[in-house]
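Hello,

Here is the structure I promised to pass on. My notes on it follow below.

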Amino acid sequence: MAGFGETALLTAGLIAVAVVVVYTLRLGAPPWPSSPRARRVLLEAVPTESAIDGEILELGCGWGGLALALAARYPDRRVLGVELSPVPWAVARLRALAGRVGNLEIQRADLHRVDLSGAGLIVCYLNRDAMSRLAERAATEARPGTWIVSNTFGLGDGRPVARRFVGDLYRTEILVYRIGEDSDGISDDATGPRFAHTRDC
Ligand SMILES: C[S@@+](CC[C@H](N)C(=O)[O-])C[C@H]1O[C@@H](n2cnc3c(N)ncnc32)[C@H](O)[C@@H]1O
């Protein structure tokens with residue numbers, strides 16, 4: 001027979017799973033992390049630190065794995081991970097605290113209400129609807145020059161300045177956008193993202 005501790009643990013686990021399911025249905029996006037391969041390609045596709053003017057936002061940071069990697073990639077920038085689903089948010093926050101990552105903050109918030117005006121780089125892996133809403137807001141709220149890097153889903157009708165294939169079975173792409181620019185307006189220079197192995201748009 002299960003003891004009190006085991007029963008309590010099992011109950012807590014079931015409640016946590018139920019909360020994750022409810023929020024997945026509500027938000028239309030599961031807290032499914034970017035695959036290790038997609039994360040690696042994304043981290044290669046993001047701009048160099050000197051090409052970014054502003055803070056780094058990860059919208060929908062899930063369990064925090066990519067947010068931690070971004071904080072390590074940009075040690076001198078503030079990285080803000082935003083997550084609404086309570087269980088992934090709590091885990092991401094604990095991971096940031098446990099790792100004593102000084103430049104990473106994890107906030108529980110709706111990404112559609114986050115101020116985009118201070119962002120220099122926005123990273124996301126969401127869904128089509130959320131990306132369309134983000135595209136509309138970014139067009140008016142984000143400053144010209146802000147980078148948006150998305151795993152899989154395009155930024156509304158926007159034209160990416162670069163795209164990189166992850167090389168997996170799903171033909172996953174990492175799409176790079178820059179507010180105020182399209183693919184004709186960017187060159188493969190030292191201050192932009194490293195576009196080697198990148199398909200021209
Ligand atoms: C597919 S996961 C991506 C996790 C992480 N960004 C990664 O790439 O590893 C998408 C996350 O976005 C979150 N999300 C979806 N809509 C949201 C919203 N309106 N506000 C905050 N988070 C949201 C989901 O809860 C989920 O954890």
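The chain has 5 helices and 7 strands. Both are DSSP runs, numbered from the N terminus: helices are H or I with at least four residues, strands are E with at least two. The order along the sequence is α-α-β-α-β-α-β-β-α-β-β-β. With a radius of gyration of 18 Å, close to the 17 Å from the globule rule for 201 residues, the chain is as compact as a globular protein of that length. (The radius is taken over C-alpha atoms; the rule is 2.2 Å times the number of residues to the power 0.38.)

Two cautions. This is a predicted model: local features need pLDDT of at least 70 and side-chain atom pairs count only at pLDDT 80 or more, while totals for chains, interfaces and linings use all residues. Residues are numbered from 1 along each chain as its sequence is written.

The C-alpha atoms fill a box of roughly 65 × 35 × 30 Å along the principal axes. Of contacts with a separation of 6 or more, 68% join residues 24 or more positions apart. A contact means C-beta atoms, placed from the backbone, within 7 Å.

Now the ligand. 25 residues surround it, and the closest are Pro31, Pro33, Gly60, Gly62 and Leu84. The criterion is a C-beta atom, placed from the backbone, within 6 Å of the molecule. Helix H1 (4-27), helix H3 (65-73) and strand E2 (79-83) each supply at least two residues of this shell. Domain 1 (1-30) and domain 2 (32-178) both contribute to the shell, so the ligand lies between them. Those bounds come from an automatic or database domain assignment.

Best wishes

Notes. Two residues are in contact if their C-beta atoms, placed from the backbone, lie within 7 Å.
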